[in-house]
Amino acid sequence: MTPKRILLTGASGCVGHYIADALIHQTQHELFLLVRNPQKFRLSVDTRPGIHLIVGDMRQIEQQNKLLKTINVAILTAAVWGGAQDVFDVNVIKTVRLMNLLDPDVCEQVIYFSTASILDREGKPLKQAGEIGTDYIRAKYACHQRLSKLAIAPQITTVFPTLVFGGDDTKPYSHLSGGITEVTKWIGLLRFLKLDGSFHFIHAQDIAQVVAHLVEHPPELGDSGTDCFANWRELVLGSEPITVNRAIADMSAYLGKRIYFRIPLTRRLIDLLIVLFRIQMAAWDRFCLGYRHFTYQHFVNPSTYGLPMRCATVAELLAASGVPGSRVPPVAIAPAPLVKAESGSAE
């Protein structure tokens with residue numbers, strides 16, 4: 001197999017670290033890892049030949065023009081999370097600029113990271129994400145709208161991660177993993193509440209396994225299981241969908257906490273609590289409160305390609321996040337059923 005020249009942006013982030021690690025140890029491709037601050041990159045570039053740490057900023061991506069013309073695969077994870085001007089500049093303008101600087105005759109695939117928050121349950125653009133989403137979500141929505149117009153469009157594989165966990169001693173923690181210990185502190189209360197909602201999650205190592213597979217096997221049109229998009233490939237990254245009640249039950253079982261009863265927390269009661277406690281909520285937060293079921297009809301993870309998963313269950317996710325489990329088996333209520341993948345909604 002002829003080695004490829006692979007560019008990875010955002011290599012110093014959580015997902016970027018896992019992808020870099022997978023490509024370093026599972027392939028012999030020549031890697032160009034773009035980082036703003038090399039001190040934040042925790043992996044060794046001396047593991048094998050052909051690993052290059054490129055110090056640069058997406059805001060000045062034009063400085064990498066010569067390199068970009070030689071790239072066979074571009075994996076774009078770099079993103080800014082806060083600050084309206086910076087978010088739009090990097091996540092839209094400079095990201096599109098980078099793709100325009102690639103040579104369509106040389107670059108065989110662009111793996112572009114978006115977010116599942118901009119899609120509805122059928123995998124179509126969710127208009128509310130573009131109108132009232134956070135700065136980050138609106139920027140990702142705007143960038144997604146521009147992809148089909150690019151010269152490199154036929155080579156773009158867009159991936160939409162769901163809730164991302166990950167991090168360890170050699171890799172930075174994701175935003176969610178960084179706060180998972182705080183969530184477990186509230187399980188004493190949460191286990192007695194019944195909530196209507198469902199979601200997917202995915203560990204960054206599982207994302208990396210999918211990306212490593214896509215590098216070697218670019219998906220054909222239609223591999224995502226949907227014909228909504230005719231010009232490029234779209235893949236939601238996530239575990240099997242799970243209800244909020246099932247997740248709380250699994251977390252309680254892992255921590256050895258018993259569930260004796262559950263009090264339904266209805267939308268009307270939630271609205272009342274918001275008023276009583278004068279809770280300030282943005283328009284996007286209110287939309288999410290009403291939308292509730294952030295699940296998708298079509299999704300992929302390592303098992304889709306016959307690969308082992310790092311975290312397929314809540315218990316595996318907690319263990320991978322360093323949360324100690326209980327050795328005492330709890331007496332729990334019957335577990336709530338998994339969400340039916342084909343329906344995209346909770347039972």
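Modeller: Strands (E, at least two residues) and helices (H or I, at least four) are DSSP runs, numbered from the N terminus. The model is predicted: local features need pLDDT of at least 70, side-chain atom pairs count only at pLDDT 80 or more, and totals for chains, interfaces and linings use all residues. Residues are numbered from 1 along each chain as its sequence is written, and side-chain values use heavy atoms, leaving out hydrogens and water.

Colleague: Does Ser198 count as buried or exposed?

Modeller: Ser198 belongs to strand β9, residues 198-199. Buried means under 20% relative accessible area, exposed over 50%, and partly exposed in between (1.4 Å probe, protein chains only). Ser198 has 2% relative accessibility and therefore counts as buried.

Colleague: How far apart in space are Ser198 and Asn245, C-alpha to C-alpha?

Modeller: In sequence, 47 residues separate Ser198 from Asn245. In space, the C-alpha to C-alpha distance between Ser198 and Asn245 is 8.3 Å.

Colleague: How are helices α1 and α9 oriented to each other?

Modeller: The axes of α1 (residues 14-26) and α9 (residues 204-216) come within 8 Å and cross at roughly 50 degrees. Axes are lines fitted to C-alpha atoms, for helices over the stretch in contact, with angles from 0 to 180 degrees between N-to-C directions. Angles under 35 degrees count as roughly parallel, over 145 as roughly antiparallel, 65 to 115 as roughly perpendicular and the rest as oblique. The two helices, α1 and α9, are therefore oblique.

Colleague: How many nonpolar residues does the contact of α1 with α9 have?

Modeller: Contact means heavy atoms within 4.5 Å; residues of α1 including Tyr18, Ile19 and Leu23 meet residues of α9, among them Ala208, Val211 and Val215. Nonpolar residues are Ala, Val, Leu, Ile, Met, Phe, Trp, Tyr, Cys and Pro; Asp, Glu, Lys and Arg are charged, and the others, Gly among them, polar. By class, this contact has no charged residues, three polar ones and, as nonpolar residues, twelve.

Colleague: How are α11 and α12 oriented?

Modeller: The axes of α11 (residues 267-276) and α12 come within 11 Å and cross at roughly 155 degrees. This angle makes the orientation of α11 to α12 roughly antiparallel.

Colleague: How many charged residues does the contact of α11 with α12 have?

Modeller: Arg267, Ile270, Asp271 and Ile274 in α11 meet Arg286, Leu289 and Gly290 in α12. By class, the contact of α11 with α12 has three nonpolar residues and one polar residue, while the number of charged residues is three.

Colleague: What is the phi of Arg292?

Modeller: Arg292 is found in the loop between α12 (283-291) and β14 (293-294). Most residues other than glycine have a negative phi. Arg292 is not a glycine, yet has a positive phi of about 65 degrees.

Colleague: How does Lys257 count in terms of accessibility?

Modeller: Lys257 lies in the loop between α10 (244-255) and β13 (263-264). Its relative accessibility is 35%, so Lys257 counts as partly exposed.
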